[in-house]
Amino acid sequence: RRYGITPEDYFAMAEKQQNRCAVCGVIPSKLTVDHSHETGRVRGLLCLRCNILLRSLEETDVWLNNARRYLAGT
């Protein structure tokens with residue numbers, strides 16, 4: 001409900017992914033809903049580890065882009 005999908009949507013996504021994390025392929029006890037923090041769009045289902053790592057990478061990407069802009073302007 002939090003991400004605008006129904007339980008049926010969740011289970012259909014899990015079945016399509018063969019109950020595996022969309023990134024690492026592991027079959028966790030629970031798949032978490034991954035979504036874009038910019039658009040809110042659901043991207044897929046991930047294990048908790050990959051979901052946390054992906055969020056960190058997104059933040060790093062924003063930081064890198066800001067650093068590139070800063071360096072280009074100095």
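**Close-up 1. What kinds of residues line the largest pocket in this predicted model?** Sorted by class, the lining is made up of four charged, four polar and two nonpolar residues. The pocket itself holds a volume of about 170 Å³. In general, rolling a probe the size of a water molecule over the atoms is how such empty space shows up.

**Close-up 2. Who's who around the largest pocket.** Look for Arg 2 and Tyr 3, then Lys 30, along with Thr 32, Val 33, Asp 34, His 35 and His 37; Asn 51 and Arg 55 complete the lining. Two elements, β1 and α2 (48–72), each give two or more residues to this lining. Strand β1 supplies the largest share, with four residues.

**Close-up 3. Gln 18, a residue with a positive phi.** Here we're in the loop between α1 (7–16) and β1 (32–35), where Gln 18 sits. Its phi is near 55°, a positive value in a residue that isn't glycine. Most residues other than glycine have a negative phi. Is Gln 18 buried or exposed? Gln 18 has a relative accessible area of 57%, so it counts as exposed, the cut-off for that being over 50%.

**Close-up 4. Asn 19, in the loop between α1 and β1.** Asn 19 isn't a glycine either, yet its phi is positive, at about 60°. How accessible is Asn 19? Its relative accessibility is 42%, so Asn 19 goes down as partly exposed.

Note on methods: Residues are numbered from 1 along each chain as its sequence is written. This is a predicted model: local features need pLDDT of at least 70, side-chain atom pairs count only at pLDDT 80 or more; totals for chains, interfaces and linings use all residues. Side-chain values use heavy atoms; hydrogens and water are left out. Buried means under 20% relative accessible area, exposed over 50%, partly exposed in between (1.4 Å probe, protein chains only). On a 1 Å grid over the protein atoms alone, a cavity is a set of points where a 1.4 Å probe fits but cannot get out, and a pocket is an open set with protein on both sides within 12 Å along at least five of seven lines; lining residues have an atom within 4 Å of a point. Grid points are joined across faces, edges and corners, and a volume is the space filled by probe spheres set on the points. Ala, Val, Leu, Ile, Met, Phe, Trp, Tyr, Cys and Pro count as nonpolar, Asp, Glu, Lys and Arg as charged, and the others, Gly among them, as polar.
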